[in-house]
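Here's a quick tour of the charged side-chain pairs in this one. Have a look at the model, then read on.

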Amino acid sequence: MSFPCYALWHNIVFLKLELSLEMEEKIQALLNEIAQHSSTDKAGLEAFRMKFISKKGALSDLFEELKQVPVELKKTVGQNLNKLKQAAEAKFAELNEQLENNTQSGDSGLDLTLPPVTNKVGNLHPLTQTKSRIIEIFERLGFNVADGPELEDDWHNFSALNFPENHPAREMQDTFFIEKNPDILLRTHTSNVQIRMMEKQKPPIRAIMPGRVYRNEAISARAHCFFHQVEGLYIDKNVGFADLKQTLYHFAKEMYGKDIKIRFRPSYFPFTEPSAEIDISCLICKGKGCNVCKYSGWVEIGGSGMVHPNVLKSCNIDPEEYTGFAFGMGIERVTMLRYSINDLRLFSENDVRFLRQFHPVI
Ligand code: 2NL
């Protein structure tokens with residue numbers, strides 16, 4: 001072998017040796033790097049994969065370089081390279097598991113600083129809330145709660161209540177009659193329930209009747225073709241007008257607060273004698289005068305009176321033995337005054353922006 005040729009061979013061997021040494025150093029450095037790697041987020045894990053495991057990563061490069069290593073060293077370098085590969089894969093598996101555990105325990109995706117999810121539970125309709133409060137107040141005075149039909153006959157809605165044959169309330173514009181049978185109608189008040197109760201039950205009777213009633217009215221902010229009423233009846237021996245006044249005064253104080261004032265204004269109903277409208281002092285201006293009370297300081301919440309003897313007779317109750325008082329209130333009206341609502345139509349439009357405002361504070 002000539003000198004230059006020998007020198008070349010020697011050089012190549014030397015270079016290959018150098019390459020294997022260099023590879024061993026690289027492998028060691030990468031092993032250290034892998035041991036120290038500790039990222040636990042998704043981006044860190046991906047960077048690790050790219051650097052060590054992917055086809056363009058350090059391991060691939062080294063396996064490529066391994067081809068240049070002299071045969072006698074290939075085994076050792078190859079074994080070390082395999083150790084490096086195993087270390088990289090084990091580390092990747094470990095980091096991946098850590099990341100999954102963290103995700104499950106809520107480390108990512110859950111932001112505790114976000115505002116809470118709002119309560120989507122519904123609430124009772126404001127009229128139902130008022131009705132429940134009225135029932136609560138009268139139940140504590142010993143009144144029962146009674147219910148009856150909304151589709152009623154003439155007797156229970158008008159005749160038994162001492163409505164004369166020619167009374168305007170019987171006219172078509174006030175009452176919804178059933179075309180095929182004008183003796184049947186949509187009740188115009190809940191008094192029909194009281195009549196049914198008096199027909200069935202002997203006094204003492206002490207009950208309130210909440211329910212829906214119907215009148216043929218043009219719909220506006222102040223009137224509707226249906227609304228809700230609570231009527232009350234107390235029949236016993238020696239029931240007088242003082243009982244009526246005290247009962248309703250007690251109700252007004254419970255409903256609107258102890259500072260409320262109450263006033264009875266003479267009036268007329270066919271079913272009571274004497275009759276009186278019930279006014280309470282205006283809650284908006286506290287009696288000083290405003291547009292709700294039309295500058296009078298008083299607002300009407302219903303009507304009342306001593307049950308007319310003819311009504312008692314219609315129900316086979318002897319007016320010489322028993323007397324009683326009755327009253328009627330519009331639930332819409334009571335609710336409007338309670339919450340300062342200025343349009344009756346809001347109650348039946350089912351606009352959630354209105355209804356949600358009556359969510360009770362827990
Ligand atoms: C009002 C007026 C009233 C009655 C209802 C009644 C019932 C029977 C006998 C006598 Cl069975 N009276 N109810 C009495 C007076 C007034 O309601 O303005 N309602 C909204």
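## Salt bridges overall

Searching the whole structure turns up 14 salt bridges, each being a side-chain nitrogen of Lys or Arg within 4 Å of a carboxyl oxygen of Asp or Glu. Side chains of opposite charge can pair when their charged atoms come close.

A heads-up: this is a predicted model, where local features need pLDDT of at least 70 and side-chain atom pairs count only at pLDDT 80 or more, while totals for chains, interfaces and linings use all residues. Numbering runs from 1 along each chain as its sequence is written, and side-chain values use heavy atoms, leaving out hydrogens and water.

## One helical turn

Glu136 pairs with Arg133 in a salt bridge, with the closest N and O atoms 2.6 Å apart. Both sit in helix α5 (residues 126–139), 3 residues apart, so about one helical turn separates them. Helices here are DSSP runs of H or I with at least four residues, strands are E runs of at least two, and both are numbered from the N terminus.

Glu136 is partly exposed at 43% relative accessible area. On this scale, buried means under 20%, exposed over 50%, and partly exposed in between, using a 1.4 Å probe and protein chains only.

## Strand to strand

Arg265 and Glu300 also form a salt bridge, at 3.5 Å from N to O. This one links distant parts of the chain: Arg265 is in strand β7 (residues 262–269) and Glu300 is in strand β9 (residues 298–307), 35 residues apart. Arg265 is partly exposed at 30%, and so is Glu300, at 35%.

Asp351 meets Arg353 in a salt bridge, 2.8 Å between the closest N and O atoms. Asp351 is partly exposed at 25%, whereas Arg353 is exposed at 63%.
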